[in-house]
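Okay, thanks for making time, everyone. Let me put the model up and we'll walk through it.

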Amino acid sequence: MVDLESQIKNVQEKLHQLLRQQQLLQKENHRLRREIDRATQLSQEKEDLAMLLQQQMDALKLGGGSSSSRSEEDKATLEKRIDGYLKEIDKCLALLNA
């Protein structure tokens, strides 16, 4: 009978240890999820800033108005980028309409 009681106590202790470990892991999981959310938000903000800066740079290049071959190359590059943006917008619209 004593052996059975000691086994039950042993199982109870292990169960309590597992419960404490589960609580710690849940807290760590929540902390890591918040960290991932912050990193994702920061990444998105940096992408948005990079895109804004690229658009400003493109606008400045267009505003230069120089007729040299270099500006023609810049215009062609800008047209390609605008076409890429338009394709992205079309894809987004298609996904929204689906």
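Predicted model: local features only at pLDDT ≥ 70, side-chain atom pairs only at ≥ 80, totals over all residues.

Residues are numbered from 1 along each chain as its sequence is written, and side-chain values use heavy atoms, with hydrogens and water left out.

So, what's in the chain? Two helices and zero strands, going by DSSP runs (H or I, at least four residues; E, at least two). The C-alpha trace spans about 100 × 30 × 15 Å along its principal axes. Of the 98 residues, 4% count as buried, meaning under 20% relative accessible area with a 1.4 Å probe, protein chains only; exposed is over 50%, partly exposed in between.

Now the charge pair. Which side chains meet in a salt bridge? Arg 31 and Glu 35, at 3.3 Å, N to O. The rule is a Lys or Arg side-chain nitrogen within 4 Å of an Asp or Glu carboxyl oxygen, and the count comes to one. Both residues sit in helix H1 (residues 2-64), four apart, about one turn of the helix. Arg 31 is partly exposed because its relative accessibility is 37%.

Last stop: Ile 82, Leu 86, Ile 89, Leu 93 and Leu 96 make a nonpolar surface patch. Patch members have over 30% relative accessible area and no salt bridge, with nonpolar side chains joined within 5 Å and like charges within 9 Å. Ile 89 belongs to helix H2 (residues 69-97).

Key: Areas by Shrake-Rupley, 256 points an atom, 1.4 Å probe, with all protein chains shown as cover.
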